[in-house]
Amino acid sequence: MLGYTFPGMLDPRERLIVALDVSSAAAAQKIVAAVGDSAFTYKVGKQLFTAEGPQVVRDLVASGHRVFLDLKYHDIPSTVGAAVREAAKLGVSMLTVHASGGGKMLRAAVDAARRSVPSSRNGSLKVLAVTVLTSLDDNDLEKIGVRGKVVDQVLRLAALAIADGCDGVVASAQEASELRSELDGNFLIVTPGVRPAGSGRGDQVRVVTPAEAIAAGATHIVVGRPITEAADPAAETRAILGQISF
Ligand code: C5P
């Protein structure tokens, strides 16, 4: 078997997250209807959440889907803890926080998630840390006062996040292999920037195939436009699942 496997992850649908990067609930529902049973989890990010608010999340959860709420919380610990409590009430399965918010903030997020009532269907709420945005390079980091290489900052922040109880990190496939080799433990790695073999790149600069991401150590892949803009989203989703069914 290739790649990193957690108990209960043998169904490739457990590993796939479809990004709903659209501006209306109607557009999101259209994608969800077109994908059908081929995906379990949908990512709601800042665009859709800002446009439609929490009802779009409630509706997805009520219709039996899992939601990864990607709002990348970064604030004082009590504010982030309170936001995570509200996210838990919406029934989301995964959410993101910025690791650079520091250990106390991460711990507040994790504590709030642990205190939430696990859903019988989706299990406990997973807190994922974003380390260094992939849009930043070494030069950008220096300008915000961080000396050294992006990869070292990624490893430092990931180690902090995991030590403070986060369930995993969001990381590129390149970072995933470094994280797996440098850090101990069974943490989740959620990898965006994935393109099925032979498809367009969109505006993602460094892209990998689904199989490459899993082989690098990702537990989950996030795929947006290759599915949401496909003529047949269900067929595209099945093709991707086929590429991660080892
Ligand atoms: O359409 P595409 O497959 O490129 O969508 C990727 C998703 O993953 C988007 O929602 C994007 O915001 C997110 N993402 C990313 N790169 C990161 C972190 C998140 O592309 N480093």
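Q: Which residue in E3 does Lys43 stand opposite?
A: Lys43 stands opposite Phe68 there. Keep in mind that this is a predicted model.

Q: How do you know that E2 and E3 count as paired?
A: Pairing takes at least two bridges between two strands. E2 and E3 have 5 bridges, in the parallel sense, so they pass that test.

Q: What makes E1 and E2 a pair as well?
A: Same test again: at least two bridges are needed. Strand E1 (residues 16-19) and E2 share 3 bridges, also parallel, so they count as paired. On this side, Ala19 stands opposite Lys43 in E2.

Q: Why is the unit made by E1, H1 and E2 called right-handed?
A: Picture the strands pointing away from you: the path from the first strand over the helix to the second has to run clockwise. E1, H1 and E2 make a β-α-β unit with that right-handed label.

Q: Why is E2 called largely enclosed?
A: A residue is buried when its relative accessible area is under 20%. In E2, 5 of the 5 residues are buried, so the rest of the structure largely encloses this strand.

Q: What makes both faces of E2 covered?
A: In a regular strand, side chains alternate between the two faces of the sheet. In E2, Thr41, Lys43 and Gly45 lie on one side, Tyr42 and Val44 lie on the other, and all of them are buried.

Q: Which residues of helix H3 are buried?
A: In H3 (residues 55-62), they are Val56, Val57, Leu60 and Val61.

Q: How do you know that they sit on the same side of H3?
A: Look at the arc around the axis: they cover only 135°, which puts them on the same side of the helix.

Q: What do the buried residues of H3 pack against?
A: Quite a list: helix H1 (25-35), strand E2 (41-45), helix H2 (46-52), strand E3 (66-73) and helix H4 (77-90). Contact here means heavy atoms within 4.5 Å.

Q: How do you know that the charged end of Arg180 sits over the ring of Phe187?
A: The CZ of Arg must be within 6 Å of the ring centre and within 35 degrees of the ring normal. For Arg180, the distance to the centre of the Phe187 ring is 4.6 Å, and the charged end does sit over the ring.

Q: Why does Arg225 count as partly exposed?
A: Buried is under 20% and exposed is over 50%. Arg225 has 30% relative accessibility, so it counts as partly exposed. You'll find Arg225 in helix H10 (residues 225-228).

Note on methods: Residues numbered from 1 in each chain as written. Predicted model: local features only at pLDDT ≥ 70, side-chain atom pairs only at ≥ 80, totals over all residues. Heavy atoms only, no water. Buried < 20%, exposed > 50% of the residue type's maximum accessible area, 1.4 Å probe, protein only. Helix = DSSP H or I, 4+ residues; strand = E, 2+ residues; numbered from the N terminus. Arc of directions from axis to C-beta.
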